[in-house]
Amino acid sequence: FAALSVYGSETSGGNFNIDTAGGVAIAGSNAGNFSLNYGGNVFVGGNNSGNLSSTNGSGSVAVAGSNSGTVSLASGGSVFIGHGNTRAITINNGSASSNSVSIGGNNSGYLTLNGGGTVKIKGNAGSGTLGGGKLTYTGTIGSWNLNSGATAASVKSVSVGTAASPLPSFASTFQQPLTTLSTQLAAMTPNSSVLTSGNNVTLQAKPGANGIAVLDITTAVFQANDVVTVALNG
C-alpha cells in the first residue's frame, strides 16, 4: 500500500503533505493537492484536477484519465496522462534517458523538461521546452523550444501505454477476510451477558472452559448508553 491509499475518490480539494516516499494511490478521481516531500509515486485511476508535486527525490505521476492540475517533479521522473492534458507539467533535473511524459490525448498545457527526456503525445503537442531528447506527436505542434539537441517529429501513431493500479483487490484484501471472520463469530454460542442500567452498560464476562467469553451485542446497546464497563472476571 501507498502512504495514502483511497479506494474511492478524493473530493475535498484539500492540501496534503506526504513526508515519506510512500506515495499516493487513489482508485477514483482526485481533486486534492499533494506534495510528496521526499519523492514517491502518485496514481489516480480517474481524472485529476489537483496539483501534484514531488521534491527531494525522483517521482512519478500516473493519471488514468484526463489531467487539469499542475504537475511538478523537482528531481526527475515520469508523468503519464491517459487522456488529454490542459495544465503545466514540469520535470526539472534528471536526464534525457530517465525523464518522460506520455499523454494519450491532446495537450494544451505547457510542458517543461529542463533535463531532457522522452515526450510522447497521442494528439496535438501544444507547447513546451525540451532540453535534450525527443518529442513525438500525432496531431499538430504549437510552440516548442528544442534545446541541447532535442528533436521533434510528427508520426502517424504513437503508443503511450496504460496506467495499472497499484492497489490490491478490495474484495480479496478486506471484504472476504472480514466476511469469513464475521461468519466464524456468528457461529459461536453466547455464554456471557450484557447488563444495562441508565446510561451504563456492563459487559459481564463468564468464560467457558476454553477461557473465551462470548457476548451477543447489538448496536442499540451502545447508542443508548455512553458508559461502558468490561468485567473480565479473571
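Me: Two strands pair if DSSP finds at least two bridges between them. With that in hand, which residue stands opposite Ser127 in E14?

Reply: Tyr110 stands opposite Ser127. Keep in mind that this is a predicted model.

Me: OK. How many bridges do strand E12 and strand E14 have, and in which sense do they pair?

Reply: There are four bridges, and the sense is parallel. E12 covers residues 110–113, while E14 covers residues 126–131.

Me: What order do the strands of the whole sheet come in?

Reply: The order is E2-E4-E6-E8-E10-E12-E14-E16. That makes eight strands in an open sheet, with parallel pairing.

Me: And which strands are at the edges?

Reply: Strand E2 (15–18) and strand E16 (141–147). Each of these two pairs on one side only.

Me: How many degrees are neighbouring strands turned against each other on average?

Reply: The average is 5 degrees, with direction ignored.

Me: What holds paired strands together in general?

Reply: Strands of a sheet pair through backbone hydrogen bonds, and the pairing can be parallel or antiparallel.

Me: Where is Asn56 found, and is Asn56 buried or exposed?

Reply: Asn56 sits in the loop between strand E6 (52–54) and strand E7 (59–63). Its relative accessible area is 57%, so Asn56 is exposed, since the cut-off for exposed is over 50%.

Me: What about Ser148, what is its phi near?

Reply: Ser148 also has a positive phi, near 55 degrees, and is a residue other than glycine. Its place is in the loop between E16 and strand E17 (151–154). With a relative accessible area of 68%, Ser148 is exposed.

Me: Now helix H1. How many residues does H1 have?

Reply: H1 has 17 residues, 170–186. From first C-alpha to last, H1 reaches 23 Å, close to the 24 Å expected at 1.5 Å a residue.

Me: Where does H1 bend?

Reply: At Gln176, by about 30 degrees. A proline, Pro177, follows within four residues.

Me: What does Ser169 do at the start of H1?

Reply: A side-chain oxygen of Ser169 comes to within 3.3 Å of the backbone nitrogen of Ala171.

Me: Last thing, rings. How many aromatic pairs does the structure hold?

Reply: Five. One of them joins Tyr7 and Phe174, whose ring centres are 6.0 Å apart and whose planes stand at 85 degrees, so the pair is edge-to-face.

Me: Why does that pair tie together parts so far apart in sequence?

Reply: Tyr7 lies in the loop between strand E1 (4–6) and E2, whereas Phe174 is in helix H1, so the parts are 167 residues apart in sequence. Tyr7 is partly exposed at 28% relative accessibility, and Phe174 is partly exposed at 33%.

Me: How are the rings of Phe170 and Phe174 arranged?

Reply: They form a tilted pair, 5.2 Å centre to centre with 40 degrees between the planes. Phe170 and Phe174 are four residues apart in helix H1, so about one helical turn separates them. Phe170 is partly exposed, at 43% relative accessible area.

Me: Which residues form the aromatic cluster?

Reply: Phe1, Tyr7, Phe170 and Phe174 form one cluster.

Key
Residues numbered from 1 in each chain as written. Predicted model: local features only at pLDDT ≥ 70, side-chain atom pairs only at ≥ 80, totals over all residues. Heavy atoms only, no water. Axes fitted to C-alpha atoms, helices over the stretch in contact; angles between N-to-C directions. Expected span 1.5 Å × (residues − 1). Bend = angle between axes of the 7 residues up to and from the residue. Polar contact = N/O pair within 3.5 Å; in protein donor to acceptor, adjacent residues only side chain to side chain. Buried < 20%, exposed > 50% of the residue type's maximum accessible area, 1.4 Å probe, protein only. Phe/Tyr/Trp six-rings, centres within 6.5 Å; stacked < 30°, edge-to-face > 60°.
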